[in-house]
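Me: I've got this one open on my screen and I'd like to talk through how it packs. Can we go over it piece by piece?

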Amino acid sequence: MMSVPNTQKTVAFFDVDGTLLKSTIVHCYIWMRFLQMPFFLKHLWLIGFLPKIVYYLILDSISRTRFNEVFYRNYRGLKVTEMKALSTEMFEAYIRPEIFAEAVSQIQEHKEQGTTVVLVTGSLDFIVQPIADYLAVDAVLAPQLCEKDGQFTGELTTVPLIGEEKAKAVRSYADQHGISLEESYAYGDSQSDLPMLECVGNPVVVNPGKSLREKALASGWEMHEWL
């Protein structure tokens, strides 16, 4: 079927973790730290990190924003150039195979229709950039870590891009680029994506949890199960 070019200034906003790929910020951090250490230390380090994971799960259930702020402190003291290099290596070895094939097809369809594609995520910018390059998207809205003397401080330069902050970022991008949000799309998988989904005319939920699924069904939103 021939694609019909899009004559509106519209955007397809995509969440990343859980929407475009089967991964989380925790998985990415562990993967990169594993690359940094000799084999005999990997399991010892992981044993020490496991109690933190339980704490993070509890914190995430209370406030995803607070979870992100606390979790990213794990990057404190890590070398910026080394971590950015590792993120590129991680993309090829770990993240690329985790990208949903349906997501790639959906992005390609939007691009063929002339729709701008933007990633909106709470994941760190240097981790997301290789994904953006691979998918050839138009822009990335992602948080950054503060840097000092070539190392990450563990603190974000802005508030985490979660919940209402995602919606604010989307509205700001639309204002700056003359975008019609009523004609635009947003793709998300979790309850924290709800504000972003609600601020566009074409919300799409992907592999949703119970609450988001119920919201999508009640609102008549488009819904996909990507494998």
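**How the helices meet**

Me: Which residues of α1 meet α4?

Reply: Keep in mind that this is a predicted model. On the α4 side, the contact involves Glu 82, Met 83, Leu 86, Ser 87, Glu 89, Met 90, Ala 93, Tyr 94 and Ile 95. The α1 residues that meet them are His 27, Cys 28, Trp 31, Met 32, Leu 35 and Gln 36.

Me: And how do the residues of that contact of α1 with α4 divide by class?

Reply: Charged residues number two and polar ones three. The nonpolar count for the contact of α1 with α4 is ten.

Me: Are α1 and α4 roughly parallel or roughly perpendicular?

Reply: Their axes sit 10 Å apart, and the packing angle is about 110 degrees. The range of 65 to 115 degrees counts as roughly perpendicular. So α1 relative to α4 is roughly perpendicular.

Me: What about α1 and α2, roughly parallel or roughly antiparallel?

Reply: Helix α1 covers residues 25-36 and helix α2 residues 39-62, and they pack with axes 11 Å apart at an angle of about 155 degrees. Anything over 145 degrees counts as roughly antiparallel. That's why α1 is, relative to α2, roughly antiparallel.

Me: Is the crossing of α1 and α2 left-handed or right-handed?

Reply: This is about the way α1 passes α2. The crossing is right-handed.

Me: Which α2 residues does α1 meet, and how many residues of that contact are charged?

Reply: From α1 you get Val 26, Tyr 29, Ile 30, Arg 33, Phe 34 and Leu 35, and they meet Lys 42, Trp 45, Leu 46, Phe 49 and Ile 53 in α2. By class, nine residues of the contact are nonpolar and none are polar. The charged count is two.

Me: Moving on to α3, what covers its buried residues?

Reply: Helix α3 runs over residues 64-71, and its buried residues are Phe 67, Asn 68, Val 70 and Phe 71. The cover over them includes α1 and α2.

**Aromatic rings**

Me: How many aromatic pairs does the structure hold, and which rings are linked into a cluster?

Reply: The structure holds 21 aromatic pairs. Ring pairs link a cluster made of Tyr 29, Phe 34, Trp 45, Phe 49, Tyr 55, Tyr 56, Phe 67, Phe 71, Tyr 72, Tyr 75, Phe 126 and Phe 152.

Me: Is the pair of Phe 71 and Tyr 72 stacked or edge-to-face?

Reply: Both Phe 71 and Tyr 72 are buried. The ring centres are 6.2 Å apart, with 65 degrees between the planes. Planes over 60 degrees apart count as edge-to-face, so the pair of Phe 71 and Tyr 72 is edge-to-face.

Me: How many residues apart in sequence are the parts tied together by Phe 91 and Tyr 134?

Reply: Phe 91 and Tyr 134 form a tilted pair, 5.5 Å centre to centre with 55 degrees between the planes. Phe 91 is buried at 4% relative accessible area, whereas Tyr 134 is partly exposed at 37%. Because Phe 91 is in helix α4 (residues 80-95) and Tyr 134 in helix α6 (residues 125-135), the pair ties together parts whose separation in sequence is 43 residues.

**Strand and loops**

Me: Is Val 11 buried or exposed?

Reply: Val 11 belongs to strand β1, residues 11-14. Leaving out neighbours within four places in sequence, Val 11 is in contact with Thr 115, Thr 116, Val 118, Tyr 173, Ile 179, Ser 184 and Tyr 185. With a relative accessibility of 0%, Val 11 is buried.

Me: Where is Val 137, and what does Val 137 touch?

Reply: Val 137 is in the loop between α6 and β3, and it is buried at 14% relative accessible area. Not counting residues up to four places away in sequence, Val 137 touches Val 117, Leu 119 and Ala 132.

Me: What is the phi of Ala 136?

Reply: Ala 136 is in the loop between α6 and β3, and it is partly exposed at 42% relative accessible area. Although Ala 136 is not a glycine, its phi is positive, at about 55 degrees.

Me: Is Asp 149 buried or exposed?

Reply: Asp 149 is in the loop between β4 and β5. Its phi is positive, near 55 degrees, in a residue other than glycine. At 75% relative accessibility, Asp 149 is exposed.

Technical notes
Residues numbered from 1 in each chain as written. Predicted model: local features only at pLDDT ≥ 70, side-chain atom pairs only at ≥ 80, totals over all residues. Heavy atoms only, no water. Phe/Tyr/Trp six-rings, centres within 6.5 Å; stacked < 30°, edge-to-face > 60°. Buried < 20%, exposed > 50% of the residue type's maximum accessible area, 1.4 Å probe, protein only. Helix = DSSP H or I, 4+ residues; strand = E, 2+ residues; numbered from the N terminus. Axes fitted to C-alpha atoms, helices over the stretch in contact; angles between N-to-C directions. Parallel < 35°, antiparallel > 145°, perpendicular 65-115°, else oblique. Left-handed = near helix turned anticlockwise from the far one by under 90°. Contact = heavy atoms within 4.5 Å. Nonpolar A, V, L, I, M, F, W, Y, C, P; charged D, E, K, R; others polar.
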